[in-house]
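Work through the exercises below with the structure in view. Each task is followed by a solution in steps.

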2 protein chains.
Amino acid sequence: MAMASTTTTSPDVETAAQRDRRSRIVQAALALASRGGYDDVQMREVAERSGVALGTLYRYFPSKVHLLVNAMAHELERMSSRLQRRTIPGDTPSARVEWVLERATRSLQKDPNLTEAMIRAMMAADSTVAVEVAAVRSQMGGMIIAAIRGDREAHPDDAEYAAVLQDVWFARQIAWLGGRISSADVWRDIESAIRLVLRDHE
Amino acid sequence: MAMASTTTTSPDVETAAQRDRRSRIVQAALALASRGGYDDVQMREVAERSGVALGTLYRYFPSKVHLLVNAMAHELERMSSRLQRRTIPGDTPSARVEWVLERATRSLQKDPNLTEAMIRAMMAADSTVAVEVAAVRSQMGGMIIAAIRGDREAHPDDAEYAAVLQDVWFARQIAWLGGRISSADVWRDIESAIRLVLRDHE
DNA sequence: CGGCATACTAGAACAGGTTCTTGTTCTCGC
DNA sequence: GCGAGAACAAGAACCTGTTCTAGTATGCCG
């Protein structure tokens with residue numbers, strides 16, 4: 001199954017024009033998501049705004065969910081790379097994880113519509129989006145694990161703690177989207193879960 | 001805001017025929033969900049099978065999500081009332097919660113299509129479905145809290161533990177739906193979260 | 001240059017959730 | 001029994017995600 005053949009440029013490699021299109025599409029999606037959330041990201045309008053035909057949009061992103069999960073990965077990547085440029089403050093794993101997750105939560109909730117769009121896409125993801133979803137989770141997991149670890153050496157259970165915290169984090173966001181808890185509750189619940197999960201892991 | 005007025009029977013109270021329609025609708029939804037999951041529950045077919053007009057279906061359940069979340073509450077209610085009729089085995093909270101959640105998980109996964117339909121509906125629920133979603137969560141939370149407690153007296157943190165475990169439970173179901181983990185992993189992950197969360201609470 | 005696959009555009013077409021319209025039936029107070 | 005309003009049936013209509021069709025442009029290999 002090596003590189004397929006010789007047609008056009010080799011697969012995987014996009015021309016500059018294509019990178020440009022892809023980027024315009026993601027930007028348009030983010031803008032629309034920010035304006036009115038998940039429902040306001042309408043594929044026809046994304047296509048129009050990014051100056052591509054509807055069919056082309058679907059060539060780049062095979063569904064609305066793919067598009068939005070990709071956009072989320074894009075946003076998390078920015079957040080994560082900003083994080084890696086500094087040392088996480090805090091003397092205990094809980095403190096550091098709280099710092100990181102609070103920052104991420106606040107940063108996302110500054111733009112509730114955008115957050116709603118991304119979280120809903122994550123939830124709606126079926127197995128055809130598994131790869132993209134995995135990218136998002138690994139980005140997020142990486143941030144949490146780094147925070148647990150701090151400057152100490154890795155602990156084998158770190159990944160498990162991170163996974164539970166990530167689950168709670170997503171679940172609380174959903175509860176918030178579902179109007180079941182307030183924006184303030186989101187953070188209170190997450191904080192309490194962090195302490196609960198990391199209580200001995202000082 | 002007392003009882004509105006005199007028209008028809010008083011609000012809230014359904015006639016026998018209406019209870020019957022509602023029940024037929026839920027049954028039809030469950031049957032279709034069981035046949036092909038969320039996508040196979042098509043409102044036109046639910047209406048047809050339950051012998052009501054599409055408009056009537058929408059009078060009873062204002063959206064597909066409402067319908068399916070209601071169906072889930074319905075199923076959990078059955079499960080919960082079966083549980084209340086016996087003593088939960090196990091000497092520790094972990095053991096009891098494992099017993100309950102494993103039973104619930106297995107019972108649901110016996111019918112993966114149905115489970116998929118219900119979980120997806122839970123995920124898709126926005127604030128207009130808050131009441132129904134709350135019912136599902138409280139049903140589930142009640143089962144977990146009862147298991148934590150066992151025959152001892154209640155502990156103030158029980159609800160918090162139950163909330164985290166429920167979050168993990170839902171999140172793992174989603175991961176499974178999303179094809180990111182296997183059916184076996186679902187249970188393994190939940191079990192490990194139970195032990196993690198309840199480790200001191202013996 | 002001549003083919004030829006691929007990418008793209010424009011727009012129609014399809015599918016299923018939701019809404020709306022029109023006419024009928026049921027319920028209840030009088 | 002009668003009239004008013006709620007509930008219902010039947011089906012058209014609408015909206016948006018997705019797919020399909022026809023035609024055009026582009027890049028590449030011989």
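**Exercise 1: a contact between two chains**

Helix 8 of chain A and helix 8 of chain B are roughly perpendicular to each other. The model is a predicted one.

Task: Find the angle and the axis distance behind this description, and state which residues meet.

Solution.
Step 1. Helix 8 covers residues 158–177 in chain A and residues 158–177 in chain B.
Step 2. The two helices pack at an angle of about 90 degrees, and their axes are 8 Å apart. Angles of 65 to 115 degrees count as roughly perpendicular, so the description holds for this pair.
Step 3. Chain A contributes Val164(A), Asp167(A), Val168(A), Phe170(A) and Ala171(A) from helix 8, which meet Val164(B), Asp167(B), Val168(B), Phe170(B) and Ala171(B) in helix 8 of chain B.
Step 4. Sorted by type, the residues of this contact are 8 nonpolar, no polar and 2 charged.

**Exercise 2: a contact within chain B**

Task: Describe how helix 1 of chain B crosses helix 6 of chain B.

Solution.
Step 1. Helix 1 (residues 16–36) and helix 6 (residues 112–124) of chain B have axes that come within 6 Å and cross at roughly 115 degrees.
Step 2. Helix 1 of chain B is therefore roughly perpendicular to helix 6 of chain B.
Step 3. The crossing of helix 1 of chain B with helix 6 of chain B is right-handed.
Step 4. On helix 1 of chain B the contact uses Leu30(B), Ala33(B), Ser34(B), Arg35(B) and Gly36(B); on helix 6 of chain B it uses Asn113(B), Leu114(B) and Ala117(B).
Step 5. These residues divide into 4 nonpolar, 3 polar and 1 charged.

Note on methods
Residues are numbered from 1 along each chain as its sequence is written. Chains are lettered from A and ligands numbered from 1 in the order in which they are written. This is a predicted model: local features need pLDDT of at least 70, side-chain atom pairs count only at pLDDT 80 or more; totals for chains, interfaces and linings use all residues. Axes are lines fitted to C-alpha atoms, for helices over the stretch in contact, and angles run from 0 to 180 degrees between N-to-C directions. Helices (H or I, at least four residues) and strands (E, at least two) are DSSP runs, numbered from the N terminus. Angles under 35 degrees count as roughly parallel, over 145 as roughly antiparallel, 65 to 115 as roughly perpendicular and the rest as oblique. Two residues are in contact if their C-beta atoms, placed from the backbone, lie within 7 Å. Ala, Val, Leu, Ile, Met, Phe, Trp, Tyr, Cys and Pro count as nonpolar, Asp, Glu, Lys and Arg as charged, and the others, Gly among them, as polar. A crossing is left-handed if the near helix is turned anticlockwise from the far one by less than a right angle, and right-handed if clockwise.
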